[in-house]
Structures are given as structure tokens and as C-alpha cells.
Amino acid sequence: MNTPFPLLEDLRLFCLVVRKRSFVASATELGVSPAYVSKRIAILENALNAKLLHRTTRRINVTDHGETVFQWTQRILEDVEEMTEAVSTSRTTPRGILSICTSTGFGRNHVAPAVSELATRYPSLQVQLHFLDRPVDMLEEGFDLDIRVGVVHEPTLIARRIASNHRILCAAPAYLAQHPAPERPADLAQHHCIPIRERDQAFGLWRLTGPNGTETVKVSGPLSVNNGETAHRWAIDGHGIVLRSEWDVRASLQTGTLARVLPDYHQEAHVWAVYPSRLSHTAKVRACVELLEERLRCTATLREESSLHQPPVSVP
């Protein structure tokens, strides 16, 4: 009797379980029961005649055979996707699953609306959007696209700049009324600052570019967080100085709830579309990146036009 070949969908499911390290989490993402996931993995192990996973009460560990299957399966799934793109009569039409990750604040305000429009344009596309305020290993975690604000360090990934952006220093007028505004970056060490655990930089180290080049200062304060929206809110409440993207604080500057500090200094933090090289020519990634680029360009134009009608914000 011939040994049955493993099914492609079972291999895809196995990769998800390896990444999630959980039958329950995998089942939740797929909208199926954990029992179904367990059954399909058992069928896959039977087809390969190998134990792929060690199951404990707390987590799942991958066996040596499982690691080998995982590595091969990733290549197989990539080849299948490229094959589909190559032979499809509508290869320019985005289809299939597109898994995107991005930070919470930028994701909510810019990426989510773009995804909504993308889904309307291309009904054959299934988009999974993840908000993650932490460093991401795209290949290990299985993401197709990372929309990132800041710096891209990984040389193995393709990074395309889709919008220009800078982080600037801001504080509430109430805070500046009680604390003399800093005159140079070194003065920030004596202030209450609100550090954010950004995905692209060391925690509590602010690298600022100004008239004297780039300067680095160690900052601290009674409050810190890994979410930029919360830090923005705390700054408005008068808890200290925050370093945030222009797109995030522009409205607060215009209304006067925040005032800019050290206006000659900024931190470069452009917006990047980051993706593995194997996806550089796929229609689904290309469509999403181009749509985001288009929307961000329109947003920047509207910001520039609105700023022409706003009075300058002064620092007390």
C-alpha cells in the first residue's frame, strides 16, 4: 500500500501551530475547534510516519523531525504561492491571505483604514491585521508585510519607504509652566520624560538630530509605557516630555494641548513597508503597499494645507 502524501492544508496548519505553539491559539485564528487541529496534525504525522510535536500541559515543543518539516514546508508554501502567481490568468489581482503587522497607534489611524479600502477593492483577498508594539521576526512569525515607523535593521528584508516622518519633542503647557523648558538635549536628563518602548530603538535613549549633528541623551521619568497613544495622553495630562511622531501630535500642537520643545531637534522615523524578498513581486503585497503610499501622500498633503491656516504654537 502506498504511503499517503501529506495534504497542503495540513502542512499549512502545522506551520501555524509551530508559530503559535498552541492548538487553542491556532484553532482560534482559523475559527475551528482545537480537536480539529489535533486531528489534522495526527493525520499529518501518520502520513509522514514521524512525530512532529511534543505536547505538554503548558505548551507545544517541536521535535527534530518537526523542525525539518517546518523548514521544508515554508519553502513548499512559498513555491506554491509563486507558482499560482506565475500561471494565474489574473496574476495582477490580489488574492489569498495577507498577514500584516504594525504598531498600535499608526495601525489604528492609518493602516486599518487602508486595509478596509483594500478589502473593498479586492474581495478575493483575506487580510489579517495584527497590532504589535514590540520587535517582530517576520519570517519566524509568518507575516507577509510589516508597516514600520522608525528604522529597519534586518538586512535580509526588503524595506520600501512609503512616507517621510520625524519624531519631535512635546509637552503640555501646564508642565512647561512649572519646569523651565530645556535649552539643549542634555537638559532632558533633568526633566520628567515619558519613555516609550519603541520597536526600533533602545528604551530610554533618545537620539536627536539638530544643529550640532546627532546627540544621544538618557531620559527617565515616573511613567513609561510600550504604547505611544498612552504616552501621548500622559503628555497632554502634564506628566512630562514625550518624543512622538509628527503625524501623531500635530493635532495636539494645533489646538495648544501640547507645545513643541527643542524645536530645532528631531528624530528621523520614516514609515517603511517591510517584507521578505520572496513576496516582493506578489500582487497582494504590491497592492497594499501602493494603496498605503497613496493614502499617506494624501494625508501629508492635507496636513500641509491645514498647517497654513493654523497660528504658530508658542512655548511658555
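**Notes on the predicted model**

1. This is a predicted model.

2. Helix α8 covers residues 228–236 and helix α9 residues 246–255; they pack at an angle of about 25°, and their axes are 11 Å apart. Because the angle is under 35 degrees, α8 is roughly parallel to α9. The crossing of α8 and α9 is right-handed.

3. Apart from neighbours within four places in sequence, S252 is in contact with H232, I236, T257 and L258.

4. For the chain as a whole, the secondary structure comes to 10 helices and 13 strands. The protein chain has 316 residues, and buried residues make up 41% of them. Among contacts between residues at least 6 apart in sequence, 75% join residues at least 24 apart.

5. In soluble globular proteins, nonpolar side chains tend to be buried together. Here the largest nonpolar core has 25 residues, and those with the most contacts inside it are F106, L145, I147, I162 and V271. Two or more residues each are given to this core by β3 (96–102), α5 (104–121), β5 (145–149), β6 (157–163), β13 (271–276) and α10 (283–307). The largest share, 7 residues, comes from α10.

6. Which residues does F106 touch, not counting those up to four places away in sequence? F106 touches V111, I147, V149, W247, V271 and L296. A second, separate core has 18 residues, including F14, V18, A27 and I41.

7. Next, the pair α1 and α2. The axes of helix α1 (residues 8–20) and α2 cross at roughly 125° and come within 8 Å. That angle makes α1 oblique to α2. The crossing in which α1 passes α2 is right-handed. L13, L16, V17 and K20 of α1 make the contact with F23, A25, S26, E29 and L30 of α2. By class, the residues of the contact of α1 with α2 divide into 6 nonpolar, 1 polar and 2 charged.

8. Helix α2 (residues 23–30) also packs with helix α3 (residues 34–48), at an angle of about 110° and with the axes 8 Å apart. Angles of 65 to 115 degrees count as roughly perpendicular, so α2 is roughly perpendicular to α3. From α2 the contact uses F23, V24 and A27, and from α3 it uses P34, V37, S38 and I41. The residues of the contact of α2 with α3 divide into 6 nonpolar, 1 polar and no charged. Two of these residues, A27 and I41, are also included in the second core.

9. Last, a strand residue. G210 is found in strand β8 (residues 205–210). G210 and H266 are 56 residues apart in sequence, yet their C-alpha atoms are 6.7 Å apart in space. Leaving aside neighbours within four places in sequence, G210 is in contact with D264 and Y265.

Definitions and conventions
Residues numbered from 1 in each chain as written. Predicted model: local features only at pLDDT ≥ 70, side-chain atom pairs only at ≥ 80, totals over all residues. Heavy atoms only, no water. Axes fitted to C-alpha atoms, helices over the stretch in contact; angles between N-to-C directions. Helix = DSSP H or I, 4+ residues; strand = E, 2+ residues; numbered from the N terminus. Parallel < 35°, antiparallel > 145°, perpendicular 65-115°, else oblique. Left-handed = near helix turned anticlockwise from the far one by under 90°. Core = buried A, V, L, I, M, F, W, Y, C linked by side-chain atoms within 4.5 Å. Buried < 20%, exposed > 50% of the residue type's maximum accessible area, 1.4 Å probe, protein only. Contact = heavy atoms within 4.5 Å. Nonpolar A, V, L, I, M, F, W, Y, C, P; charged D, E, K, R; others polar.
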